[in-house]
Amino acid sequence: MKLGANCSSCEKLLAVGYRGKDTHFSGTMSLQMNSKDEPEETSKPSGGARILALTVFSAAIGGTFQYGYNISIINAPTSYIQSFINDTYMERWGVGLETPQVTLVWTLIVSAFSLGGWLGALLAGPLAVRCGRKNSLLLNNSFLFVGAVLVLTCRVAKSFEMIILARFLVGMNSGVSMNIQPMYFGESAPKHLRGAVAFSSAVFTAFGIFLGQVVGITGLLGAEPLWPYLLASNALPGLIQLLTLPWFPESPRYLLIDRGDREACVRALRRLRGGEAPVLEMEEMLQEQQQHQNSAASAKTPWSLFKDPDLRSQLRTVMAASSAMMLCGNDSIYFYASYIFLEAGIPPEKIQYVTIGTGASELTASILSNLLIERVGRRYLLLGGYSLMSCWSVVFTVALTLQSRGVAGMAYLSMACVFAYILSFGLGPAGVTGILPAEIFDQGARPAAYMVAGSCMWISLFLVGMLFPFIVKGLGNFCFLPFMAVCLVSALFLGFTLPETKGKTVAEITAEFDRKNGVKREKPDLLVHEPIREYYQLGKACSFTTLMQDSDPDHKSATEI
């Protein structure tokens with residue numbers, strides 16, 4: 001019997017069955033995928049790539065782009081907002097604030113973003129489970145729009161407290177999107193593109209930083225009368241997401257494993273793969289669904305992750321990577337950028353344009369890393385990034401010390417270190433860190449893992465923002481030595497604990513961690529027909545139409561084998 005002889009033989013070939021009590025999986029998927037009343041898909045694989053790319057853009061422009069954009073646009077109007085704080089206080093009480101008091105209020109405005117991000121990270125897990133990945137990103141824009149209204153009306157209301165609340169809400173928006181968007185991308189992309197698609201979150205973060213620097217120059221929205229519009233301009237990307245993302249599919253894994261909706265899962269896969277649903281990809285999701293059901297648990301909580309001895313190694317790795325991403329000093333090096341550029345002889349009025357180069361450097365590095373991640377792998381990019389940052393910290397410290405002693409040319413070396421440090425960060429840690437929870441945790445544990453990772457990230461960002469001024473005051477030119485220690489320890493720890501995840505399924509990655517922990521698990525006995533394996537190749541989707549076409553007259557069906 002040939003593969004294309006009749007529909008029933010094709011259905012038998014596509015049936016993915018489990019030996020044991022849950023035999024209801026067998027054949028169901030094939031019957032739904034090949035239903036006669038469903039119109040036949042005629043789109044080409046390029047159509048799936050186009051849908052996937054548009055999905056990535058639509059989700060990221062209102063997701064991680066907002067994080068980069070919002071940490072960037074707050075820098076330009078610093079002096080204007082501080083003047084507004086003092087003027088508002090004087091109108092209320094008839095006396096102005098002292099400089100330390102103004103600085104304290106400004107610190108509250110800056111810190112509100114980190115605290116909001118922490119709360120957003122905690123909300124992201126329950127939102128992702130109850131509302132889904134796509135709907136959570138859409139609902140997340142409500143925080144952004146309320147914050148924009150508060151900023152636009154704070155002058156009329158003569159209230160600087162509204163700015164603090166607005167930054168808190170914008171932080172919540174960033175906290176939710178930084179967790180859910182990589183989860184959405186990791187679950188929607190095919191295995192051979194999973195790293196590159198998930199890494200696009202870092203590309204859009206860097207793009208947000210760069211665009212925020214551009215918009216914040218005095219020739220655009222960086223002038224004194226326009227600072228409320230600058231802070232409220234983040235509503236435009238959110239509006240773009242609201243208008244575009246509803247047209248794209250939900251995460252297929254969420255639809256199948258969390259909601260149990262196989263028909264919706266098949267429809268989403270067909271759109272994301274251009275009308276071609278890979279058989280082994282569906283088989284892998286069914287196996288994960290079976291394991292999820294056998295575990296007799298729904299979505300895990302952060303506390304249950306901490307109590308699960310089988311997941312402690314994964315959890316330690318994710319917590320270390322997420323904390324190191326913020327403790328490594330990349331954000332702090334922007335603090336020195338203006339001073340270093342001024343010492344290098346750049347006119348003060350031109351420094352804002354040169355500073356844009358720092359954002360362009362991170363954007364360039366993230367794009368390069370996006371191209372390399374599926375060739376080099378996650379582990380080497382992560383370790384290489386932190387190792388290079390350790391080296392540049394030493395060089396930067398030496399350059400700052402010699403520069404303070406008047407050694408000629410050290411200002412240019414310091415300027416080169418700024419760009420090299422940012423490039424090294426963008427090349428690895430900036431993007432790989434966000435991918436890890438999606439790759440090393442299964443569907444049930446993934447939202448909780450992102451909650452823990454996001455909490456570590458935002459708490460670390462808050463601590464760096466609060467402590468760095470004291471570090472600079474106490475250590476002076478040696479202020480980057482603590483960051484060197486963080487980068488070095490992170491490279492060593494992740495080198496010993498993190499296996500390579502490139503091109504591996506969750507089950508294969510879990511097996512790597514199990515070997516490290518000495519854990520042995522019983523694997524479900526999954527029936528996989530060899531003809532399917534011959535037609536399916538990594539990087540090439542296998543359509544049901546192709547399976548029905550017998551290109552080899554000697555090829556036999558599963559029933560004959």
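**Helix packing and aromatic pairs**

Guide: Helix α19 (residues 378–404) and helix α21 (residues 429–440) pack at an angle of about 140°, their axes 9 Å apart. Axes are lines fitted to C-alpha atoms, for helices over the stretch in contact, and angles run from 0 to 180 degrees between N-to-C directions. Helices are DSSP runs (H or I, at least four residues), numbered from the N terminus. This is a predicted model: local features need pLDDT of at least 70, side-chain atom pairs count only at pLDDT 80 or more, and totals for chains, interfaces and linings use all residues. Residues are numbered from 1 along each chain as its sequence is written, and side-chain values use heavy atoms, with hydrogens and water left out.

Visitor: Which residues of α21 meet α19?
Guide: Contact means heavy atoms within 4.5 Å. On the α19 side are Arg378, Leu381, Leu382, Gly385, Tyr386 and Met389. They meet Pro429, Val432, Thr433, Leu436 and Glu439.

Visitor: How many residues of the contact of α19 with α21 are charged?
Guide: Ala, Val, Leu, Ile, Met, Phe, Trp, Tyr, Cys and Pro count as nonpolar, Asp, Glu, Lys and Arg as charged, and the others, Gly among them, as polar. In the contact of α19 with α21, seven are nonpolar and two polar. The charged residues number two.

Visitor: Are α19 and α23 roughly parallel or roughly antiparallel?
Guide: α19 and helix α23 (residues 481–497) pack at an angle of about 155°, with axes 8 Å apart. Angles under 35 degrees count as roughly parallel, over 145 as roughly antiparallel, 65 to 115 as roughly perpendicular and the rest as oblique. α19 and α23 are therefore roughly antiparallel.

Visitor: What is the angle between α4 and α9?
Guide: Helix α4 covers residues 64–73 and helix α9 residues 194–215. Their axes are 7 Å apart. The two helices pack at an angle of about 30°.

Visitor: Is the pair of Phe468 and Phe480 stacked or edge-to-face?
Guide: Rings of Phe, Tyr and Trp (its six-membered ring) pair if their centres lie within 6.5 Å; planes under 30 degrees apart count as stacked, over 60 as edge-to-face and the rest as tilted. The ring centres of Phe468 and Phe480 are 6.3 Å apart, with planes at 80°. The pair is therefore edge-to-face.

Visitor: Are Phe468 and Phe480 buried or exposed?
Guide: Buried means under 20% relative accessible area, exposed over 50%, partly exposed in between (1.4 Å probe, protein chains only). Both Phe468 and Phe480 are buried.
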